[in-house]
Amino acid sequence: MGGQAVVFTPAVGLAILRVLTLLLPLLPAALLRRPAAAAGQGTAGQGTAGRARTARRLAGAAVLCGVLFAPALLEAALARMVPGFDAVFAPDGPWHLGFGGFVLGRALPLLGAPLDLLRQLAAGTAPPDIARLSLLLAVAALIPVLAPPLLWGGRGGVGAGLRNLLLLLWGGYATIYTVALALWLANLLNFWCFLVLFALTLLLRD
């Protein structure tokens with residue numbers, strides 16, 4: 001009992017809560033992919049494996065489009081929040097933040113990245129390559145969002161299309177959030193991050 005009292009201290013509980021908070025933005029995909037597949041299956045009356053497969057593929061395409069949007073979203077969001085990546089390890093740089101500073105100053109503002117990108121595109125201030133990438137991906141993103149209602153119709157098809165839209169938005173946010181989290185952890189660990197990377201490389205090789 002004494003050992004348990006030492007292990008489960010308030011400090012340990014707070015640390016676990018912080019880790020869970022940092023992982024929270026990465027969880028929605030597991031919750032959304034299954035209903036998307038079920039919606040595709042349910043629209044076929046008794047349902048077929050083919051429609052379930054199509055629903056899963058469209059959900060995967062939505063996530064992929066969101067991930068590919070990441071460079072444009074990073075350009076739009078971090079240009080407003082952070083001067084650049086050149087001061088990742090600086091002791092007084094933009095990534096030298098506490099837990100609350102990261103969550104409030106980086107993670108939450110990244111939710112506005114799509115709006116930042118839209119403002120840049122509307123004002124014509126986005127770099128030409130970012131504008132072309134955004135236009136191409138926006139056209140591609142229409143496929144997983146509009147295909148379920150067009151193919152299956154009804155509430156199931158509309159629901160699958162809306163879920164794919166959420167997956168698209170989640171894919172973009174999760175990607176840029178992961179980048180921001182990696183930069184923050186790199187500043188936090190400083191030179192120790194290279195040791196962590198080396199250890200991970202050894203584990204992956206085994």
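Q: How many salt bridges does the count come to in this chain?
A: The count comes to one salt bridge. The model is a predicted one.

Q: What makes the pairing of Asp116 with Arg119 a salt bridge?
A: The closest N and O atoms of Asp116 and Arg119 are 2.5 Å apart. The rule asks for a side-chain nitrogen of Lys or Arg within 4 Å of a carboxyl oxygen of Asp or Glu. The value of 2.5 Å meets that limit, so the pair counts as a salt bridge. In general, side chains of opposite charge can pair when their charged atoms come close.

Q: How do you know that Asp116 and Arg119 are separated by about one helical turn?
A: Both sit in helix α7, which covers residues 113-123. They are three residues apart there, which means a separation of about one helical turn.

Q: Why is Leu121 called partly exposed?
A: Leu121 has 34% relative accessibility. The partly exposed class lies between the buried limit of 20% and the exposed limit of 50%, so 34% puts Leu121 there. Leu121 also belongs to helix α7.

Q: Which residues does Leu121 contact, leaving aside neighbours within four places in sequence?
A: They are Ala126, Ala131 and Ser134. Ser134 is 13 residues from Leu121 in sequence. In space, their C-alpha atoms are 8.8 Å apart.

Q: What makes Leu73 buried?
A: Its relative accessibility is 7%. That is under the 20% limit, so Leu73 counts as buried. Leu73 lies in helix α5, residues 70-81.

Q: Which residues are in contact with Leu73, leaving aside its neighbours within four places in sequence?
A: The list is Leu78, Ala113, Pro114, Leu117, Gly172 and Ile176. Take Gly172: 99 residues separate it from Leu73 in sequence. Their C-alpha atoms are 7.5 Å apart in space.

Q: What share of the contacts with a separation of 6 or more comes from residues 24 or more positions apart?
A: In this protein chain, the share is 73%.

Q: Why is Asn187 called buried?
A: Asn187 shows 9% relative accessibility. Asn187 is placed in helix α9. Beyond its neighbours within four places in sequence, Asn187 contacts Val88, Phe89, Ala90, Trp95 and His96.

Q: What makes Gly105 partly exposed?
A: Gly105 has a relative accessible area of 26%. That value falls between 20% and 50%, so Gly105 is partly exposed. Helix α6 holds Gly105. Ten residues along the chain from Gly105 is Trp95, and 9.8 Å separates the two C-alpha atoms.

Q: How do helix α6 and α9 cross?
A: The axes of α6 (residues 99-107) and α9 come within 11 Å. They cross at roughly 145°. The crossing is right-handed. On the α6 side, Phe99, Phe102 and Ala107 make the contact. On the α9 side, Tyr173, Tyr177, Ala180, Leu181 and Trp184 do.

Q: Why is Leu162 called exposed?
A: Its relative accessible area is 52%. Exposed means over 50%, so Leu162 passes the limit. Leu162 is in helix α9, residues 154-189.

Q: Which residues form a nonpolar patch on the surface?
A: The patch consists of Val158, Leu162, Leu165, Leu166 and Leu169. Together they have about 440 Å² of accessible area. A patch member needs over 30% relative accessible area, so the 52% of Leu162 clears that cut-off.

Q: How many helices and strands does the secondary structure come to?
A: It comes to ten helices and zero strands. From the N terminus on, the order reads α-α-α-α-α-α-α-α-α-α.

Q: What percentage of the protein chain counts as buried?
A: Of its 206 residues, 34% count as buried. The accessible surface of the chain comes to about 12,300 Å². Carbon and sulfur atoms hold 73% of that surface.

Conventions
Residues are numbered from 1 along each chain as its sequence is written. This is a predicted model: local features need pLDDT of at least 70, side-chain atom pairs count only at pLDDT 80 or more; totals for chains, interfaces and linings use all residues. Side-chain values use heavy atoms; hydrogens and water are left out. Patches are made of residues with over 30% relative accessible area and no salt bridge: like charges are joined within 9 Å, nonpolar side chains (Val, Leu, Ile, Met, Phe, Trp, Tyr) within 5 Å. Accessible areas come from the Shrake-Rupley method with a 1.4 Å probe; for residues, only the protein chains shown count as cover. Helices (H or I, at least four residues) and strands (E, at least two) are DSSP runs, numbered from the N terminus. Buried means under 20% relative accessible area, exposed over 50%, partly exposed in between (1.4 Å probe, protein chains only). Axes are lines fitted to C-alpha atoms, for helices over the stretch in contact, and angles run from 0 to 180 degrees between N-to-C directions. A crossing is left-handed if the near helix is turned anticlockwise from the far one by less than a right angle, and right-handed if clockwise. Contact means heavy atoms within 4.5 Å.
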